[in-house]
Amino acid sequence: MGQFNLTDSLNLLSKLRPARVWNMIKVVSSYYYSKYSRKPVQWGLPISISFEPTTSCNLRCPECPSGLRAFTRPTGMLQNNFFRDTIDQLYKDLLYLTFYFQGEPYLNPDFLEMVKYAASKKIYTATSTNAHYLNEANAKKTIESGLDRLIISIDGTTQEVYQQYRVGGQLDKVIAGAKNIVKWKKELNSKTPFIIFQFLVVKPNQHQIEDVKELAKEVGVDAIWFKTAQVYDYENDPNQLIPSIDKYSRYKKDKAGQLQLKNKLHNHCWRLWHSPVITWDGLVAPCCFDKDAQHKLGNLKNKPFKEIWQNEAYTTFRNKIKQGRKHIDICANCTEGTKVWSD
């Protein structure tokens, strides 16, 4: 999350309905009951969900399984009918929907139609893009879809620096795409989407933090967020990505000089209680750290969501969290709760 914005916050609050508020109360209550009783119970349904439009991507970012083509699961596109069927099961309780897990959402030709359908159910919708496909037509369609939040990844202010992390990317396309979105938002007199430049702070670009603030003002986006980077092999950092500015690093050196996570791994996890991930082909994964969906908790092609949410696999996984997150592979490098700074 970033800095508080009144317009965006009021928009989110406008999506609340009595059923959603009651569901939130149940989910929060069950989380805290589980946290202190150490008995994993789940009341209610997800408050938010991440839905994966596709695993395909046009870039080759070095810490991204999609960019590295490192998945063991198949690559494909989320189908509109399947998406609608799932939303129909959940929309009465669901407040927030993120159209992102892995891949570039705009590569899915039905992406904006799915956004429009979720928006028609008064669900707050958000996505994250590398902005290479925000031409005039797509920018206009994005505004018309009713998308509430658009995060644009811009990890450098010069092509030379940008391409060191966004391998294969073109900065001029990103800036042009962002300008198209700003233009059509004004042309259509729309309050949405809330447009964010997200700057993933890594060692090659940390010297451009002030520059990207100026670029954000020039383009006219609503906010800029500075995000800390997850590095899989952080002990060795083979790509030399961990920044030297401590504020923007998820890692710190211990007394022996070895890198370790800054945050302590507590044996509870809010995300597991309120926000699952659904892959393009219907697998339910516990959270966004399970990039390859190794911890399959159910398949929506076979069972309705409510059955999966309360099934034995989910209960067992929640129980493992209570017993010790450090023993779960996707939790070992988890930085849930680490900061995103905004200016």
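Is Asp 155 buried or exposed? Asp 155 is buried, at 1% relative accessibility. By buried I mean under 20% relative accessible area, by exposed over 50%, and by partly exposed anything in between, with a 1.4 Å probe and protein chains only.

A word on the basis. This is a predicted model, in which local features need pLDDT of at least 70, side-chain atom pairs count only at pLDDT 80 or more, and totals for chains, interfaces and linings use all residues. Residues are numbered from 1 along each chain as its sequence is written, and side-chain values use heavy atoms, with hydrogens and water left out.

Asp 155 makes a salt bridge with Arg 166, with 2.6 Å between the closest N and O atoms. Asp 155 sits in the loop between E4 and helix H7 (159-165), and Arg 166 in the loop between H7 and helix H8 (171-187), 11 residues apart. Helices (H or I, at least four residues) and strands (E, at least two) are DSSP runs, numbered from the N terminus. Arg 166 also counts as buried, at 14%.

The salt bridge rule asks for a side-chain nitrogen of Lys or Arg within 4 Å of a carboxyl oxygen of Asp or Glu. On that rule the count is 12 salt bridges.

Another of them pairs Lys 15 with Asp 148, at 3.6 Å from N to O. Lys 15 is in the loop between helix H1 (6-13) and helix H2 (18-37), and Asp 148 is in the loop between helix H6 (136-145) and strand E4 (149-153), so this pair ties together parts that are 133 residues apart in sequence. Lys 15 is buried, with a relative accessible area of 11%, and Asp 148 is buried at 2%.

Next, Asp 292 and Arg 73, where the closest N and O atoms are 3.9 Å apart. Here the link runs from the loop between strand E10 (283-285) and strand E11 (298-299) to the loop between helix H3 (65-68) and helix H4 (80-90), 219 residues apart. Asp 292 is buried at 13%, and Arg 73 is buried at 8%. Together with Glu 52, these two residues form a network of salt bridges.

Last, the surface. Phe 4, Leu 6, Leu 10 and Leu 13 form a nonpolar patch with about 450 Å² of accessible area together. Patches take residues with over 30% relative accessible area and no salt bridge, joining like charges within 9 Å and nonpolar side chains (Val, Leu, Ile, Met, Phe, Trp, Tyr) within 5 Å. Accessible areas come from the Shrake-Rupley method with a 1.4 Å probe, and for residues only the protein chains shown count as cover. Leu 10 belongs to helix H1 and is partly exposed, at 47%.
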